[in-house]
Structure formats: structure tokens, C-alpha cells
Amino acid sequence: MLHIGCHLSSVNGFLAMGKEALGIQADTFQFFTRNPRGGKAKELDPADAAALMALMEEHRFAKVIAHAPYTLNPCSDKPQTREFALMTMADDLQRMEALPGQYYNFHPGSHVGQGTEKGIELIAETLNKTLKPSQTTTVLLETMAGKGSEIGGRFEELREILDRVELSDQMGVCLDTCHVYDAGYDIVNDLDGVLAEFDRIVGLSRLKAIHVNDSKNPFYSHKDRHEKIGLGSIGTEAFGRLVRHPALKGLSFCLETPCDLAGYAEEIQLLRRLAEAE
Ligand code: FE
Ligand code: FE
Ligand code: ZN
């Protein structure tokens, strides 16, 4: 059974997102914890969070994904920027306890010329100051396209971060199809090979979620521009093999394509059909 949803707006609160997901036959979804460019989070309503948890349980949702603002950079060369990332992540993780046991996904960051090793060290340092033994949320590192000085374009970099995190049992990985394809992992012609490499370097048990996006750019372009499913360089057939792959069974699949709600509903239908095919 494929668990799939899409990115939703959190402006109307948690329960509203759950209902919106149900309306498009989704059984998971993703939302930003606050304005994607950062800024203060909205006051959290515990009753609203509890109502979403009840809806998710009733409708057997897979875990949902809270996405950190993408401007956070825990490996910036500026101490204030790193401090802001730390404070925001700590606050987000505390708030996530209102939705126990879900995922919190973030972009590892850009080392801005300090080098990959330094970047990895700073990211791990932020996580070690942020993760708490008592938290129920699993924190996911997202695979990146390797644009500019981005960390996370190579599976080895994610492995190195995980190796340096003390509470690494609370960590996992979210694989973004557009990002890995742009980074040079050929999920179109060799999905098995890419997953075997992921398993060897990171471990498939770490893989918790999949961002399902086609790419506007060719293989290995290091660009990161998402396209609607089937309209980009990855193509519908490759997504069919992805949603049917036994190693990915049960994960939270989430669309981040340039779609409105009706467009997402169609993509969810398409991927559910592909998952049942063969
Ligand atoms: Fe992301
Ligand atoms: Fe993504
Ligand atoms: Zn992206």
C-alpha cells in the first residue's frame, strides 16, 4: 500500500491540513513549520494538533513531514546565522511534540566556502545541541542536488553527519527524487543500483520518506528545479518503478511539484495507479 500526499499550506491549522489531505485521497502530507523564509511561528493550538492526530489514526495515515524553513543554514560561516538555525530547530522540535512521533525534515545547509568537512562538523554540532533524548520526532536530513556549496548531494556526506550525531537513533533521511537525479544518482536507468549504494553508505533502515518530484533539468545538472510528475527528465515510468520498489514499501511519499490542489489530486491518482500496476 502506497502512502502518498503532498505539500500543504498550514495557514488554517493542523486539522484543516488533515481534511484537505483526505479530500485528495492522500494519507500523509508535508507542511512548513513556519514561513519558509524563516520568521516567527504561529501560536500552536494543542486541541487542533490532537484533532489531527485523531484523524490520522482513524484514516491510517503514514507519518507526516514537518519541513524546516529552507533558509536555515546550520553550517553558515556567520555565528548569528548558525545561532538562528539552532534556535529555530530547537523551537520547531519542541512544538512538534504536540504531534508526537512524526518527521522533521531539513536541508543540511551550505558551507559557503568553508569546505565540506567544516560544514559537516557544524551541522552535526547544531544537531548535538538540539536533539533531546526525550523527543519523539525523527529528524530527517534531506538529500540535496549539490547546488553551489550545498551539503548532502552525496550519500557519503549524510553518512558523515549521522556518524557525528550522538542521538543518531533519532535521525533518518528523506530522499528527494529531483535532488538525487540532479546530484548524479541515476534513478531512471538504475534505481536498484542507487538504492544499493544508499544502503551500503547510509543504510536503508535510515530511509523514512521520499520527496516525489520530477526535474526540469537533465541528469547531473546540480540545479534543483522541481517539475510535475511525467513532464520532466525523470518521467512517468521511472516513478512507476519507484512507487513499486519493495525496498521503499511503507515510507511516507510526498509530492513537492509545482501544482495546485487539483493538480496534486491528479498526481496522487496517477502514482496510486502506478503502484498497483504490473
Ligand atoms: Fe526540501
Ligand atoms: Fe524536497
Ligand atoms: Zn528542491
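# Metal sites, pockets and a helix in a predicted model

Along the chain, the residues that hold the iron ion (ligand 1) follow the spacing H-x39-H-x34-E. This is a predicted model, in which local features need pLDDT of at least 70 and side-chain atom pairs count only at pLDDT 80 or more, while totals for chains, interfaces and linings use all residues. Residues are numbered from 1 along each chain as its sequence is written, chains are lettered from A and ligands numbered from 1 in the order in which they are written, and side-chain values use heavy atoms, with hydrogens and water left out.

The protein donors behind that spacing are His67 (NE2), His107 (NE2) and Glu142 (OE), which lie 2.1 to 2.3 Å from the iron ion (ligand 1). Donors are N, O and S atoms within 2.8 Å of the metal (3.2 Å for Na, K and Ca); water is not among the atoms, so sites may look incomplete. His107 belongs to the loop between strand E4 (103–106) and helix H4 (116–130), whereas Glu142 belongs to strand E5 (residues 138–142), so the pair ties together parts that are 35 residues apart in sequence. Here helices (H or I, at least four residues) and strands (E, at least two) are DSSP runs, numbered from the N terminus.

The term buried means under 20% relative accessible area, exposed means over 50%, and partly exposed lies in between (1.4 Å probe, protein chains only).

A further metal, the zinc ion (ligand 3), is 5.3 Å from the iron ion (ligand 1). The protein donors of the zinc ion (ligand 3) are His179 (NE2), Asp224 (OD) and His226 (NE2), at 2.0 to 2.3 Å from it. Their spacing along the chain is H-x44-D-x1-H.

The open spaces of the protein come next. A pocket is found on a 1 Å grid over the protein atoms alone, as an open set of points where a 1.4 Å probe fits, with protein on both sides within 12 Å along at least five of seven lines; lining residues have an atom within 4 Å of a point. The second largest pocket has a volume of about 210 Å³, a volume being the space filled by probe spheres set on the points, with grid points joined across faces, edges and corners. Its lining includes His67, His107, Glu142, His179, Asp224 and His226. The lining of the second largest pocket divides into 2 nonpolar, 6 polar and 4 charged residues. In this division Ala, Val, Leu, Ile, Met, Phe, Trp, Tyr, Cys and Pro count as nonpolar, Asp, Glu, Lys and Arg as charged, and the others, Gly among them, as polar.

The largest pocket has a volume of about 440 Å³. Of the 24 residues that line the largest pocket, Ser10, Phe32, Thr33, Lys42 and Arg95 lie nearest its centre. Helix H1 (14–23), strand E2 (30–32) and helix H3 (79–96) each supply at least two lining residues, and H3 gives the most, with 3 residues. The lining of the largest pocket comprises 10 nonpolar, 6 polar and 8 charged residues.

Some loop residues also deserve attention. Val112, in the loop between E4 and H4, has a positive phi near 40° although it is a residue other than glycine. Val112 is partly exposed, with a relative accessible area of 41%. Ser149, in the loop between E5 and helix H5 (155–164), touches Gly109, Ser110, His111, Val112 and Gly113, not counting residues up to four places away in sequence. Such a contact means heavy atoms within 4.5 Å.

The last element is helix H9 (residues 261–276), whose 16 residues should span 22 Å at 1.5 Å a residue; its end C-alpha atoms are 23 Å apart, which agrees. The expected span is 1.5 Å times one less than the number of residues. Buried residues of H9, among them Tyr264, Ile268 and Leu271, form part of the set that packs against strand E1 (3–6), strand E7 (207–212), helix H8 (236–244) and strand E10 (252–255). Just after H9, Glu278 takes a positive phi of about 85°.
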